[in-house]
Amino acid sequence: MKTKIAVLGCGLIGASWSALFSAHGHEVAIWDPAGIAQDALDRIEQAREQVLAINPDLAGCLGSVRPTASVGEAVADALWIQENAPESAALKRDLYTEVEAAAPAEAMIASSTSSLVWSELSAGMGLPRRFVTAHPFNPPHLMPLVEIFGEAPAQERAAAFYACLGRVPVRLKREAAGHIANRLASALWREAVHIVAEGIADVEAVDMALVNGPGLRWSVVGAHMAYHLGGGAGGIAHYFDHLGPSQEHRWGTLGNPRLTPEVRKLLTEGVTAEAAGRTVGELEAERDLALMRALRDMRR
Ligand SMILES: NC(=O)c1ccc[n+]([C@@H]2O[C@H](COP(=O)([O-])OP(=O)(O)OC[C@H]3O[C@@H](n4cnc5c(N)ncnc54)[C@H](O)[C@@H]3O)[C@@H](O)[C@H]2O)c1
């Protein structure tokens, strides 16, 4: 069934959501205070082509993308509102005031926020029970994960909504800055930065180790399950007995780096060397092609 959806803030994440929503047949009204440039429409179209390339069945029921001139116009008849404004609680709260004044009372409001939490964002809302944080992983039109927090009925409704878009909704039991995935990603990147800052390995070696080792394994089994298998036939109980102490020893050696000018310089030089002349656009295109291949294979 076609749903009227409003996408507020049409940068990296808003454009990607717009592609996914419209590829699944929904009527999407988009708004951005900077206006909707042709560039944004081109990015939506390109991302939609990628969604269709991995889901050819969707081609027969494409929805629409309609630029609008105001928040009020975008949300006037929307039943789902996906907010993708810059990561500022004050800015997002001001936006919700405008949204609540113009949107139907039954419309759900979902924030893509990476690190702000539900209680902070819903403070001041007239109807906080219809508000959820719904954090996608970049790029949302390809990455299946959506992490959801809100009151129980809204969380359920949101999980059902994103599941219908082929996403994998994961519910939080309580709110946390960075939800689940970004907390994990931040913990890992902290150590990746520490390894470079301490001269243990350079940027490219760290990325190679991750992509060809744990990253590949984590794309099929999670962190906990990986250690259950690491215990052999005895599972995680044997792992604790055998390798638990060495795991705790390693935890004791992990770093807590700061992003000082020197560390930033090291990381910037390392990433530039790893990019080997490829632009961000070219690297994104390579990433997307590899993600699409992996997603197709996982579906088989
Ligand atoms: N970039 C990521 O990897 C990523 C991943 C998941 C979630 N998020 C979250 O998505 C949200 C948007 O991030 P992004 O990376 O798309 O940023 P972005 O800078 O690419 O886009 C933000 C857009 O918001 C617009 N904007 C400015 N003021 C606004 C307002 N008052 N109301 C509505 N829109 C406004 C800007 O013009 C811009 O187009 C953030 O909350 C961020 O935490 C980002």
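How far is an oxygen atom of the ligand from a polar backbone atom of Leu12? I looked this up first. The distance is 3.0 Å. I keep in mind that this is a predicted model.

**Entry: the ligand**

An N or O atom in the side chain of Glu87 sits 2.6 Å from a ligand oxygen. For Gly11, a backbone N or O atom is 3.5 Å from an oxygen atom of the ligand. I then looked up the areas. The ligand taken alone exposes 830 Å², and the protein buries 72% of that.

**Entry: the shell**

I found 22 residues around the ligand. Among the closest are Ile13, Asp32 and Lys92. The shell divides into 11 nonpolar, eight polar and three charged residues. I noted that α1, α4 and β6 each give two or more residues to this shell. Helix α4 gives the most, with three.

**Entry: aromatic pairs**

I turned to the rings and found nine aromatic pairs. One of them joins Trp17 and Tyr162, tilted, with 5.5 Å between centres and 35° between planes. Trp17 lies in helix α1 and Tyr162 in helix α6, so the pair ties together parts 145 residues apart in sequence. Trp17 is buried, at a relative accessible area of 0%. Tyr162 is buried too, with a relative accessible area of 0%.

I also looked at Tyr96 and Phe131. Their pair is tilted, at 5.2 Å centre to centre and 50° between the planes. Tyr96 belongs to helix α4 and Phe131 to strand β6, 35 residues apart. Both Tyr96 and Phe131 are buried.

Last, I noted a cluster. Ring pairs link Trp17, Phe21, Trp80, Phe161 and Tyr162.

Notes
Residues numbered from 1 in each chain as written. Predicted model: local features only at pLDDT ≥ 70, side-chain atom pairs only at ≥ 80, totals over all residues. Heavy atoms only, no water. Phe/Tyr/Trp six-rings, centres within 6.5 Å; stacked < 30°, edge-to-face > 60°. Helix = DSSP H or I, 4+ residues; strand = E, 2+ residues; numbered from the N terminus. Buried < 20%, exposed > 50% of the residue type's maximum accessible area, 1.4 Å probe, protein only. Near = heavy atom within 4 Å. Polar contact = N/O pair within 3.5 Å; in protein donor to acceptor, adjacent residues only side chain to side chain. Areas by Shrake-Rupley, 256 points an atom, 1.4 Å probe, with all protein chains shown as cover. Nonpolar A, V, L, I, M, F, W, Y, C, P; charged D, E, K, R; others polar.
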